[in-house]
Amino acid sequence: MSSENFKPSNFKGWEPAVNTTPLSQYASAKILAAHRDRLSSQTISGLFASDPRRAETYLISAAGLELDFSKNAIDQPLLKTLAAMAGEAGVAEKRTAMVAGEKINSSENRAVFHTALRDFTNSDPQVDGESIKPGIEDVLQKIRILTSNIHGGKWTGYSGKKIRHIINIGVGGSFLGIKAVLDGLQPWQRDDITTHYIANIDPTELHQVLTNIDAETALFIVASKSFSTLETKLNATAARSWMLEQGVPEQDIHRHFVAISSNISAATAFGIAKDNIFPMGDWVGGRYSLWSAIGLMIPLATSYAVFERLLKGAGAMDQHFLTAPFTENMPVVMALLGIWHQNWLGAESHAVIPYDSRLTTFPKHLQQMDMESNGKTVTRDGEAVHYHTGAVIWGDVGTNGQHAYHQLFHQGSRLVPIDFIVPLQSCNPIGAQHRWLVAHAFAQSQALMQGKNLEQARAELANKGLNESQLESLARQKVIPGNRPSNMLTMDRLTPENLGALVALYEHKVFVQGIIWNLNSFDQWGVELGKVLGNKIFDCLSEDAFSDVEDSSTNRLIKKFKLLND
Ligand SMILES: O=P(O)(O)OC[C@H]1O[C@H](O)[C@H](O)[C@@H](O)[C@@H]1O
């Protein structure tokens with residue numbers, strides 16, 4: 001077996017998929033292709049070898065988080081050019097416009113003002129020339145009162161028993177962020193309250209929750225910005241009927257249902273008592289809404305003080321985002337690295353791997369936040385884009401992934417940039433478990449960068465009794481290319497403040513990428529078609545006879561369903 005043509009140890013793992021100049025509307029983008037060519041003869045390990053201060057240079061601390069981005073194939077000229085591209089794209093101007101309450105969600109003519117919900121400075125956020133601060137404070141006060149009444153037993157179920165089960169009925173942005181945050185806040189959760197979620201239209205989910213609660217001590221939160229979402233309306237209706245079946249008197253049902261919406265009339269029409277409706281402004285996007293009353297379950301399951309700590313952590317990240325220069329700005333740098341990997345180095349996905357079980361739901365929240373925001377191919381001005389936009393975001397907690405898909409990270413043919421998220425102290429310090437957990441997180445990022453070359457693989461196999469051909473074949477299979485980029489995002493502990501900062505960090509990263517890709521990151525027209533067709537097919541599944549829908553595959557599926565169910 002000749003080894004002459006075999007060069008996996010030289011494979012960088014991140015050769016560009018396309019050789020064009022993406023984002024060519026920016027002068028700096030043209031220089032980026034030259035940086036790519038220049039850096040393609042280097043390795044990340046080589047960059048460390050030539051710069052003893054690399055670890056300190058590519059490090060940003062902000063709002064309790066620390067980003068070590070030194071294990072990326074990046075150097076100062078490249079970082080400066082990427083930052084220049086952010087400048088050309090108008091990131092600073094758009095950032096100012098966002099926190100000035102301008103209607104940067106142009107297709108829906110709405111402001112994008114989730115930062116106002118966690119602004120503890122003396123600023124006076126305004127939309128349409130009117131301060132929104134009094135409204136924000138009123139809602140916070142309403143949340144504070146409900147929290148205190150429920151915890152203190154002043155608000156009880158119809159039979160006078162304390163509320164023990166809180167069920168959030170909501171989907172998408174009215175579910176994922178709340179769940180991600182509450183999972184993260186598990187050590188702060190009250191023992192006397194159990195939380196449940198009904199998001200899916202799948203009746204199994206509804207059934208599972210309803211069989212685990214009791215009507216006398218249940219409080220349902222119907223969370224829906226629009227109050228028109230099919231899943232939420234159907235599930236809320238089913239929950240209401242179930243409560244009545246359980247013997248809750250109709251006149252007392254209001255003690256078991258509250259709602260959050262910007263559509264007060266729809267919530268009232270549904271039957272929610274007016275006093276039990278928590279309003280939210282249309283200037284909060286669904287996937288950015290956990291900071292608004294949509295997050296009501298957070299203080300109810302923990303305490304108002306914890307909710308405020310979460311908001312303050314996010315507010316601290318906002319201040320960093322608003323003031324730090326681009327090359328020292330954590331969300332901006334993460335956004336730029338993402339664009340570098342997606343647009344210049346051919347990556348198609350981005351993995352987020354937290355080494356903390358409390359962050360299990362966090363990647364799911366990021367999926368909506370990122371993919372619903374930037375999964376688009378038409379610019380804010382209605383032009384087609386000629387470059388890749390939002391990456392496929394995915395991930396799960398380590399170390400579990402190490403025994404599953406990390407193989408592809410290390411030896412697969414695709415480049416997958418990774419964010420490792422690691423709290424350095426555990427809330428559950430049992431034995432040496434946490435030390436091992438962190439050791440593996442660090443080791444993964446190191447292994448991805450270092451890899452293993454053919455000589456090392458051969459040396460490992462020497463004296464194992466293999467003949468030359470066997471040794472060569474096995475050694476090649478054991479080669480790990482290395483040179484694969486990752487970010488290491490650490491914090492001392494996963495506190496409410498740090499969790500708030502972490503979520504806000506990714507929100508701003510998504511914002512910056514959307515600006516550079518020239519997208520409106522705040523609408524989601526793509527999800528609408530499926531809803532419309534879903535209605536049409538629902539009618540076909542329900543009617544005795546149905547007029548054929550367009551394609552024979554869907555027709556066949558409908559007929560099969562009807563045969564089994566009618
Ligand atoms: O809060 P709601 O109005 O019920 O919306 C819930 C979710 O459903 C929609 O279809 C959107 O895709 C999401 O962005 C939104 O968060």
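Predicted model: local features only at pLDDT ≥ 70, side-chain atom pairs only at ≥ 80, totals over all residues.
Let's start with a helix: α13 (residues 330-344) lies across β1, β2 (65-68), β10 and β13 (486-491), and runs at about 30° to β2.

- The open sheet is built from six strands in the order β1-β2-β13-β12-β10-β11, with mixed pairing.
- From one strand to the next, the twist averages 15°.

**A pair of strands to look at**
- As background, the strands of a sheet pair through backbone hydrogen bonds, in either a parallel or an antiparallel way.
- Strands β10 (residues 349-354) and β12 (residues 418-423) run parallel and are joined by four bridges.
- To find your way along this pair, look for Pro354, which stands opposite Ile421 in β12.

**Positions listed in UniProt**
- An unreviewed UniProt entry lists Glu372, His403 and Lys531 under "active site".
- These residues span 160 residues in sequence, and the farthest two C-alpha atoms are 37.3 Å apart, so they do not all gather at one spot.
- You can find His403 in the loop between β11 and α15 (406-411).
- His403 counts as exposed because it has 9 C-beta neighbours inside 10 Å, and the cut-off for exposed is 12 or fewer.
- Lys531 sits in helix α20 (residues 526-542).
- Lys531 is exposed too, with 10 other C-beta atoms within 10 Å.

Notes. Residues numbered from 1 in each chain as written. Pairing = 2+ DSSP bridges. Helix = DSSP H or I, 4+ residues; strand = E, 2+ residues; numbered from the N terminus. Axes fitted to C-alpha atoms, helices over the stretch in contact; angles between N-to-C directions. Contact = placed C-beta atoms within 7 Å. UniProt positions renumbered as here; feature names shortened; annotations may be inferred. Buried ≥ 20, exposed ≤ 12 C-beta atoms within 10 Å, placed from the backbone.
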